[in-house]
Every structure is written in C-alpha cells, then in structure tokens.
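Please open the model in your viewer and keep the selection tool at hand. The tour begins with the whole chain and then moves to single residues.

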Amino acid sequence: MEALLNFAQPLDSELLNRCVEAVYTGTPAERDQAQRVLTQLQERINSEDASAALNWFRVDLILEQPNNPNTKFFALQILDACIKYRWRTLPRQQCDGIKDFIVNLVIKLSSDEALLRGQRLFINKLNLILVQVIKQEWPRNWPTFISDVVNASKANETLCENNMSILKLLSEEVFDFSKDEMTSAKAKRLKESFNQDFSLIYQLCDFIMEHSQKPSLLAMTLQTLLRFLNWIPLGYIFETQMVERLVQKFLPVQLFRNDTLACLTEIAGLDIGAAYNSHFEKLFVIVTTQLTLTLPTDVNFAAAFESGSEEDARFIQNLALFYTTFLRPHIAIAEKNATTQPKLLHAALSTLIGISKVDDLEVFKICLEFWHHLASDLYTCECGIVPAIGAAPLLLAPPPQLGGPNPSASPRRQLYSAVLTQVRGVMISRMAKPEEVLIIEDENGEIIREPMKDSDAITLYKTMRETLVYLTHLNVDDTENIMLERLALQVDGSEWSWHNLNTLCWAIGSISGAMGEEDEKRFLVTVIKDLLGLCEMKRGKDNKAVIASNIMYVVGQYPRFLKAHWKFLKTVVNKLFEFMHELHPGVQDMACDTFVKIAQKCRRKFSMLQVGEAMPFVDELCLNLPSIVSDLEPSQVHTFYEAVGYMVQSQTDGKARDALLAKLMEMPNQTWADIMAQASSGVGVLKEPLTMKNLVNIIKANERVVLALGHPFTSQIGRLYIDLLHVYKGYSEMINAAVAQGGQYATSTSAVRGMRAVKRETLRLLESYIERSEDSELILQRFVPPMLDPVLGDYVRNIPEARDPEVLSLFTCIISKLQGLMTNEVPRVFEAVFKSTLDMITANFEDFPEHRINLFNLLRAINQYCFPALLGSSANFGLIVESIKWAFKHTERNIAETGLNTLLELFHNVALSQVASAFHQQYYLGLLQDVFSVLTDTLHSPGFKLHAQILAHMFLIVESKQITAPLWDPNTVQAVDNSSYLRELLSGMFCQSFPNLAPPTVRHLVNGLFDNCRDGAVFKQHLRDFLVSLKEFGGGDELYTEEREAEVARKAAELQKRQEAVPGIINPHAIPDDMNDF
C-alpha cells in the first residue's frame, strides 16, 4: 500500500482499489494501514501543485473504469477538494477539461432511467461536484450555463429530472448556504446571474408541470420550485398561473400534496407589503376551498396521524405549517374575507384545532406558536395596554377584563369566541410540566422524582403559559369555568388520572396574576379546597404524592394572594412543613423548593407580627426548626435555611435582624462550637468522617443563608471566621502529612477527600460572602490579611493534585470586589498561585480544567483592576503575555474567550501606560501572528467577534501612528514606517502560508485590513471574505454569530417590554422583588 505514496511512479489503480477495499473489509490492522495511507495520499495531493497532482491522480480514468464504487467516491473527494480550494491555480485548459468531463459524465449517467435509479448516490455526488464547478465558472467563464441546462432538459425527461436536481442544489448553494462559503461579492454576482436568467428556468418548470406525466419528474420539479420561491421576482408567482396550477392540479393528488403544500407555505410566508393583499386573499380562498373538498368534514387528525402512513403524518404537519405560516402575517386578510365567506376562516381554524390535538410534540409546537401569536394579537388590540416608561410591572394597572358578565365584545373577538374556547381546552389538557414540579410518572406508570430537568418541556411550558394568560385576559369567566369543570371531574372520579390532574393544576398555576384580585381569591380558594379534599379522599402513597406536588405548585404560583391573606399563607406553609416529613421520592424536595419561593415573595409577612399571633412567624419557626427539618436530607436542610434567610433579610432593624440570624443559626453554631471545643483538646476529632460531614453541612448551610441575606451576614461570619481559617489550616497540614507519607495517591483516599471537601466549602462560603459584602474596607482590613498565609501558603506548598481551584476563584472575587484597593497585595497573590498553576496546566490542554479557567479569570481580573501591579517585574510580565497567548489558543471556548478579552483589555491598559512603546516593540508582531493563527483555525471560529475587535485595534494603532517606535529591527530591515513595513510583512506571511492565494488577492486583503480598521462592521466583513477566500470556514456559521446574537437580544428586549404590560404574563417568581409591595 505504501507504493501509492510514490508520486514518481504512475498511479496503480488496482492497488488503490485494494487499499480502499481494505478500509471496509480488511482486518483491523489492514484497516488502520489503509486509512493511514489514504489520508496521507489526500494530504500529499492537496499539498502538491494542483495541476500536476491531477495529472498523476487521473480521476477521469478511475471513474470510467469498472472500479470499486468506494474507490470512485474516494476519487470524487480528491476532485471535490481541488475544485473548491485550488481551482484558480489550474491552467484554463485543464479547468475546461474537468468541466467538460463532469458534464458529459453526468449527461451520460442521467440520460438512462435504469442508470439514474441504479446509481443514484454516485450521480448525486457528481451533481454536487458539478455545482462546485458552476460556482467557479458561472457566469464569467460559462455564461450560457442556464440556457445549456434548459435546452438539454428538452431532449430527455430522465435527463431533465436530474437537471432539475442540479438547479435545486445550485439555488441552495447560492441563496441558502452562500454566507460562509463565498465572498460577499461572489455571492452577489451569482444571485444577480440567477435572477437575470430565471425566465428560462421558469419556462422549463411551467412546461414540465403543464405537459409531463412522469411522477418522479413532477415531484423533483416541485421540490426545485420550492427552493426558488423565496427569491424569484414576485411576478412569476402572482402574475402567472403558478398558484392555480399548484392548488388545482397537484394539491388534490396524494403523491404530490406534500411537495405542493411546501411550495404554498413558502408563498404564504412572503412578507411583501399590502400591494399583494388581493393575491394572498385569493391564495387563502382557493387553498381552503380545495382542502374543504379534499378532506372529510369529520376528519380526526389525531387518529389519522397515529394510524396513517408516514406520508399522511407529513401531510398533517405540512397542513399546520401552511395555515400557521399564512395566518400569522396575513390574519387581517383572512378576517376581511370572513365578512363575506365566514366558513373559510372557521374551516382553517378548526383544522388547526384538530391538528393541535395530535400526539406529536413537533406538530403541536407549530400550532402552539400560532395560538400564542393570535392570543397576543387579540389581547393587544382589545386592551391596548402600553406600560408607562419606568413603571414597575407589579404596579401596572390591570387591564379591563374582557370576559366578565355582559362583556362589550368587539366584532373581532366575537369572530374568534368559539374557537378560543376550544383552544383554552387544548392548552389546559396539554399543559407542559413546569420547572418547579419535581415529581413525574415514569414509563412504568410509577411516580418518581424527576432525574434531570427537561429543558424542552420547560421552554414549551413557558410558551403555553403565556398563551393561556392571554386567553384568560380575553375571557376570564370561560377560562375559570373550564378549569373548575375539569377539577370537578377529578374530584368525582369520572375523569381521574394523574395526567389529567397534573395538566389541569399546571394550567391553574400558570395563570397567576391574570385575574383581578377578588376573582383570583374566589377561584384559588375553591381550587385549594378541592385539592385538599382530594388529598384526604384518595388512598395510596403515589396518589397522595401526585396531589401534594400539585398543591405545592399551585400555591407557590400565587404569591400575590398569599401576601394578601395571612391565615391562608400560614396554613399553606404549615402544610409544606407536613410534606417535609413525607418520604415519598420528590415530595420533600418540592416542599423545600416551594417554601423558598414563598419565602422570597412573602418574606416581610413572616418577620412582622400579624394580628392574632403571639410572635412573628419566623421567631416561632426558629423555635420549632429542629423538629421541622428532622426528616430532611442535608441538601434539603440547606434549602430550608436559605428560605428562612430571606425572612431574616426582610427585617429592616439591624439589631433585630442580627438577633434573628443568631436564632436561626443556633443549631449549626452549637454543633460548630462543640466540634471546636473537642478540637482544642486534640485535632484527632477533625479526622473522624462524621466530624468532616458535619462541618461540610454547617458550612453549606451558612453559604445558603449568605445567598439570601447578603451583607447582613457579617455578624454570623464574624463568629466563625477565625475558626474557619484554623480548621482550614489544620486540614491543610493533615493533607500534607498524608501526601508526604503516601504520595499523590493519598489524595484519592476517603479521609483526604473529606478534608478537602471542608476546605472547598470554606473557600466557597468566603467567596459568597465577599461577593455580597457592601463594605470593601472591612474585607480589606479584617478578612484578607488573615487568609493570605493559610490559603495562599497552603496552595503553593501542596502538590498539584491537592490544590483547590476554589482558591483562584476566591481571589478573583476579592480582586473584582476591592479592585484598586488590592493592588499592593497582588504581587503576593501572583507569586503564590501564578507560576505554580501555570506549571500544572501547560503540559496539555486537558489536565486540571477548573484550575485552568480559574487562573485565566484571575489574570483577567488583575489586568482589569490592578494593572499597575503587573508592571512590577519584566520577567513576570513576559510570562503573563505568554499565558494570555496560551489561553486564547485553547480549544475550550470559554478559556479562549477569556484569553481574547484579557488581550483586548491589556492593549487598552498598555495604551494608557508609560510602557506602551516598549510593549509594542517587544510583543506586537508576535501577538499579531498568533491572533491570525487562531483566526484561520476552524477550531477557534466561535471567537471571530473578538478576533475582529483585537485585529481592528492592532491595525488602527499602527495606521493612526499611535505606535511611534519602529516595529522592525533597524539593523537588519530597512523600512519607511510601521504601516508600510507591516503591509510587506503580512503580504509575505500570507503568500507563504496560503499558496492558493494570488499576489493581487493578497494585496487586496492586506490593504483592506488597514483601510477598514476604523469601521468595525466593514472590517468584520472584510475578515469574513478573507477567511472564505482561504476556505478555512467550509461549514460553520460562527462568522455571523455577533449579528445573530444582537438580533436575538433586540427581540428579547422588545418581548420583555411587551410582556411587562400584561399582568400575569411574567412568572411571579421572575418579577424583581419590591419591598414596598410587601
């Protein structure tokens, strides 16, 4: 096989056959050898002169000989790469020869029906290669391509079918995939050529649809037409017989109806202004009329989808796509038509309601998006609520309720009244599971705790929730009646099932805030009363667990009601305390989570003395805390402490708050004090597993209280801080002793793991408190000095495997919090952690991943806030620059982004310092080369936005002469200025690194980098064209990530503004707390 790599000898096609065959059928050793040889062969051919390589590797001979099909595909891969990446380097004669060979071979194989069907995969690959040739040659070197294809298609229906496939592929390449495959100028030129010659293509498509009787040709023509519809001139669609022919000739035929509906959907989705409204109305009328004739009046879409063929299922999905795509932008057209032909809109909406009941998530999502749009649009038009600028969502006046007694319903709402009632029923019966619900029914019909969050279900729930909120605003009475009727059926048992109860309660919880307060009170009291009665009535732990989870979810979603009714709130919380003793999987977790949410929203109610109570609820809770949490797991106890922490935080009097905090922490503080007392007599107690477990749980409980309490936690952390550091230091010494005795394997023993767990939780607790502290001087004076030796000294003394990455995270937090106040301490931090951690992570890109990202985050924080500290040592500064390079060359995206951000910030800091000239002379050229290195590496394509920002800055400071010192060595190089020197340097570097680029192209690329550096958008587009020219970004779409993210952010901001105007549309737990509202 190695003989294949000898280019001095003619290619042995038989040996190539055997080598390719070995990849598929050989022994493991033969497969490895064959794969290695073929890979090396491809690399050799790609690295050689393209013309000479193709003269040696005769693709034409391999394809024409009766070789193994896999060998032919390998040869096509070689040819494909050459056409894509090296076409411009081939002599004109060779380009013409390749083009003629591919065209003749495609015509030969696709002119015969048997060959076309028998070698479909091979012909498809040939078609793709021909499209690559067309992209290179048309229109400049092949101006008659379209007319050649059209004329050839008239000779043979089989050939015509394949030609339609080629046109479809070409349209996809030019209009769908061109953004990252071609330069913007080339894509524009091809699109203009397509438009100029489209009349010929349309005539061909029209002739086929009018006269052909061949099903496969007609199907391919419809599929090709589909690719054209989103860009062809509108006259071809609306000023011809295209729409009528599609609807009348092809839509009724089962073989073509799916392709036809896809074409009609593409037309329906065109957004082209009011000038074509009459055409869209005609489209809606003829399609709906035809479907009314085609479909049975009593069709059950759910049953048809379940029992029908795959084509039937596709038809139902395509039907939903057509109506939703048409009605979203053109609902006003359909409503106008309904004034004269009301049955058509009713038929369309009835079809969508029927399809909404199909048991398929993707089909349901299609319908749901439309119902969400319709309900939102109706609400906006009917209510016209616009939030006042700066108004808090909780303070917005509620909209007029549209579904009360004798509502003055507008004609538009009356038009949809019956339909919306059915939509409410569908939403309620299919409501997705909210994130808060932790109990599910598994595939065996058993009730279990959800093993992991279902992100798709959460997203679906949010959309359904918003839809149902809009529907509730449109008619509160109807929504309430449907829900209460279905709840009554659960209570009387006639429709009892876990699924029915779950979806109903999830729907009830989802409309929190959508009713007026009095309506909500009456409704919720009825619901909770029925659910509590149902819980008493039903037998069996599974039944009770399901009902309990629904009670907890519902009450947790109505904080407004709970805040307004103290006795009910107290009853609910006491019920949650009962559920905390229920050992069924998931019930305790959900009880604790619900308790946290209620505590967050109603915190002030618990810390105030309520009428008829002897003491505030939180005081009573602290007294009974041991019995309440007695059956909870440690993680649940931590959640409980966080919940009570929110109650303590709501106390506005500082002394009273500190006293309340002391009561809350009395139990863990006592356990802590007992352990410290024992440890003072001998540290042996600290080695006991139970002690380590208790310490971890105490520290975790404190951390959760910090999350809730924030800065007022100072009094509690003050009690523990010195002891925490002593425990930290003690465990450090024990770990060092264990490592000294047992080596690095000692770090994997249970004892050392337990000790390290205490240390890690200590570091996390300190970080959580410092992050939330409001007194920087306190942190600097009382917290930082005592921790430097126990924490930093331990880190540098430990072996790599025993170093905790949380140390790096803690000091990143401290520096970010104290900023310039930490400048004097940075050298000590740097000395302790930087070099030692760098040695751990530079051996490869995989080991110590947490240390890796934490170190670069620390470096970025120092650069941002304590930059003067980095200039203290030139040796360290050089190491820092190398570390930043190491970071942005990393294949892990978040590490690379951190490195790039740090580099950009470093450039800005250097520009304002006294070392700018020396820095640029020493590091500029190396950094420029390294940034270009990652820019042209596909593994780093997600960093394109930052690459562009950095390069624009680097070229700008040269072009604007901000760099005054010469970037070249005057002893070896003669140059006029930095700009001209850099242009020559880059031109040489690009010509050497990318031999496929012609010198004029390189000059254009280099000049553009300098000329466009002041305009970020133009500079980025120039870089995109540069990368496409290099063919480095063949299939990714990362080059336009920034624009897509900006568009997503803009839409999200608009959506948020609209949602804030609708009471109930935002989840009550997602609304920022306003203490005045408590």
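Helices and strands are taken here as DSSP runs, a helix having at least four residues and a strand at least two, numbered from the N terminus. The model is a predicted one. With the chain coloured by these elements, 49 helices and two strands can be found.

**The whole chain**

Show the C-alpha trace, which spans about 95 × 90 × 60 Å along its principal axes. Of the 1078 residues, 53% count as buried. Next, colour the charged side chains: 102 are positive and 130 are negative, and the centres of the two sets lie 2 Å apart.

**Residues 34-108**

Select residues 34-108, where an unreviewed UniProt entry places the feature "domain: Importin N-terminal". This span is 83% helix and 0% strand, and its end C-alpha atoms lie 32 Å apart.

**An aromatic cluster**

Select Trp138, Trp142, Phe145, Phe175, Phe194, Phe198, Tyr202, Phe228, Trp231 and Tyr236, which together form one aromatic cluster.

**Two aromatic pairs**

How many aromatic pairs does a search of the whole structure find? The search finds 48. One of them joins phenylalanine 284 and phenylalanine 326, which are stacked with 5.2 Å from centre to centre and 10 degrees between the planes. Phenylalanine 284 belongs to helix H16 (residues 277-294) and phenylalanine 326 to helix H18 (residues 310-338), so the pair links distant parts of the chain, 42 residues apart. Phenylalanine 284 counts as buried because its relative accessibility, 1%, is under the 20% limit. Phenylalanine 326 is buried as well, with a relative accessible area of 0%.

Now select phenylalanine 907 and phenylalanine 919. Their ring centres are 5.8 Å apart and their planes stand at 85 degrees, so this pair is edge-to-face. Phenylalanine 907 is in helix H43 and phenylalanine 919 in helix H44 (residues 916-935), so the pair ties together parts 12 residues apart in sequence. Both phenylalanine 907 and phenylalanine 919 are buried.

**Two buried residues**

Stay on helix H43 (residues 893-911) and select threonine 898. Is threonine 898 buried or exposed? At 8% relative accessibility, threonine 898 counts as buried. Beyond residues up to four places away in sequence, threonine 898 touches Ile853, Phe856, Asn857 and Arg860.

Finally, select glutamate 806 in helix H38 (residues 805-818). Glutamate 806 has 7% relative accessibility and therefore counts as buried. Which residues are in contact with glutamate 806, leaving aside neighbours within four places in sequence? They are Arg760, Leu763, Arg764, Glu850 and Asn854.

Methods
Residues are numbered from 1 along each chain as its sequence is written. This is a predicted model: local features need pLDDT of at least 70, side-chain atom pairs count only at pLDDT 80 or more; totals for chains, interfaces and linings use all residues. Side-chain values use heavy atoms; hydrogens and water are left out. Buried means under 20% relative accessible area, exposed over 50%, partly exposed in between (1.4 Å probe, protein chains only). Lys and Arg count as positive and Asp and Glu as negative; His and the chain ends are not counted. The place of a charge is taken as NZ of Lys, CZ of Arg, CG of Asp or CD of Glu. UniProt positions are given in the numbering used here, feature names are shortened, and annotations may be inferred rather than shown by experiment. Contact means heavy atoms within 4.5 Å. Rings of Phe, Tyr and Trp (its six-membered ring) pair if their centres lie within 6.5 Å; planes under 30 degrees apart count as stacked, over 60 as edge-to-face and the rest as tilted.
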